[in-house]
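Keep the structure open as you read.

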Amino acid sequence: MLLHLDSSANRSDESVTRRLSRLFADRWQAVHGTAGYRYRDLAVDPVPPIDTAYCRLGRRSERQGVVPLTLVGTLIESIAEANAWALTRPLIDEVVSSRTILIGAPMYNFSLPAALKAWIDRITFPGAFRDGVLSDTEVVVISSRGGAYGPGARREGWDYEFPYLRAYFTNYGVPDDNLRFISAELALADLIPRFADQRPSAARSLAAACDEVVSCVAAAEHAGAKR
Ligand SMILES: Cc1cc2nc3c(=O)[nH]c(=O)nc-3n(C[C@H](O)[C@H](O)[C@H](O)COP(=O)(O)O)c2cc1C
């Protein structure tokens with residue numbers, strides 16, 4: 001199953017991450033069909049930020065040594081907690097049952113969009129990813145950024161998005177070899193007149209990102225065939 005997430009607040013026809021993640025999803029569907037495809041638009045249909053009820057339920061589980069997800073329902077003590085769990089459990093199930101998680105993740109303020117962070121906070125309920133349930137999961141993160149963050153760039157080292165996402169998924173058991181990070185840089189050059197001289201570099205970065213997306217789908221096919 002492919003779980004495809006977008007988190008750009010920008011319109012579909014203007015968003016670079018939406019365009020690149022769609023390219024991946026279209027290629028994937030051409031091979032696998034549509035049955036195993038799930039899509040969530042975290043900007044249009046946001047996952048609510050976690051609340052006190054979510055924390056209470058999670059802490060009750062932790063106090064008991066972290067109960068299995070199947071038993072969390074037995075810990076519920078209020079309607080608010082029931083609502084929190086009803087929102088949370090299906091999202092965790094979606095992640096755990098996905099072979100590939102594709103994340104369209106624009107850089108916002110050197111990090112990730114709040115809509116994506118809200119999803120991450122919610123799915124990370126105590127015990128959600130125990131017992132190596134993500135050890136066979138692939139994660140493909142596709143970003144776009146207005147500036148440049150590679151070696152030699154003025155803002156080299158200011159990217160707090162990819163390192164954060166790498167740490168997050170590694171911490172929850174996704175093997176390093178199963179993590180892919182693709183980005184198109186200088187995406188604001190087309191929009192902002194004073195960056196016009198960067199347009200050729202931006203076009204090259206976007207073309208390279210498209211190529212990487214296509215080869216990433218092909219590599220996933222190859223790995224899947226060997227399994
Ligand atoms: C709220 C916001 C914050 C942004 N912060 C950054 C930033 O810190 N660094 C950067 O290089 N670009 C930044 N940008 C530019 C976006 O990363 C860039 O436009 C990217 O293409 C957005 O992804 P999208 O095209 O899929 O919407 C920001 C854009 C927005 C809307």
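## The largest pocket

Sorted by class, the residues lining the largest pocket are 17 nonpolar, nine polar and nine charged. Keep in mind that this is a predicted model. The lining is made up of 35 residues, and those nearest the pocket's centre are Arg-145, Gly-146, Leu-186, Ala-187 and Leu-188. The pocket holds about 970 Å³ of space.

Which helix gives the most to this lining? Helix 7 does, with four residues. Helix 1 (16-32) and helix 7 (199-226) each supply at least two residues.

## The ligand and its neighbours

The ligand takes up the space of the largest pocket. Around the ligand are 17 residues, and the closest are Ser-8, Ser-15, Thr-17, Ser-144 and Tyr-149. This shell consists of eight nonpolar residues, eight polar ones and one charged.

Now zoom in on some atoms. The side chain of Ser-15 has an N or O atom 2.6 Å from an oxygen atom of the ligand. A polar backbone atom of Met-107 is 2.7 Å from a ligand oxygen atom, and one of Gly-146 is 3.0 Å from a ligand nitrogen atom. On its own, the ligand has 630 Å² of accessible area, and the protein covers 76% of it.

## The second largest pocket

This pocket has a volume of about 170 Å³. Among the residues that line it are Pro-68, Leu-69, Arg-89 and Asp-93. Helix 4 (residues 79-96) provides the largest share of the lining, three residues. By class, the lining has five nonpolar, one polar and four charged residues.

Note on methods
Residues are numbered from 1 along each chain as its sequence is written. This is a predicted model: local features need pLDDT of at least 70, side-chain atom pairs count only at pLDDT 80 or more; totals for chains, interfaces and linings use all residues. Side-chain values use heavy atoms; hydrogens and water are left out. A residue is near a molecule or strand if one of its heavy atoms lies within 4 Å of it. A polar contact is a pair of N or O atoms within 3.5 Å; within protein, one must be able to donate a hydrogen and the other to accept it, and residues adjacent in sequence count only if both atoms are side-chain atoms. Accessible areas come from the Shrake-Rupley method with a 1.4 Å probe; for residues, only the protein chains shown count as cover. On a 1 Å grid over the protein atoms alone, a cavity is a set of points where a 1.4 Å probe fits but cannot get out, and a pocket is an open set with protein on both sides within 12 Å along at least five of seven lines; lining residues have an atom within 4 Å of a point. A molecule sits in a cavity or pocket if more than half of its atoms lie within 2 Å of its grid points. Ala, Val, Leu, Ile, Met, Phe, Trp, Tyr, Cys and Pro count as nonpolar, Asp, Glu, Lys and Arg as charged, and the others, Gly among them, as polar. Grid points are joined across faces, edges and corners, and a volume is the space filled by probe spheres set on the points.
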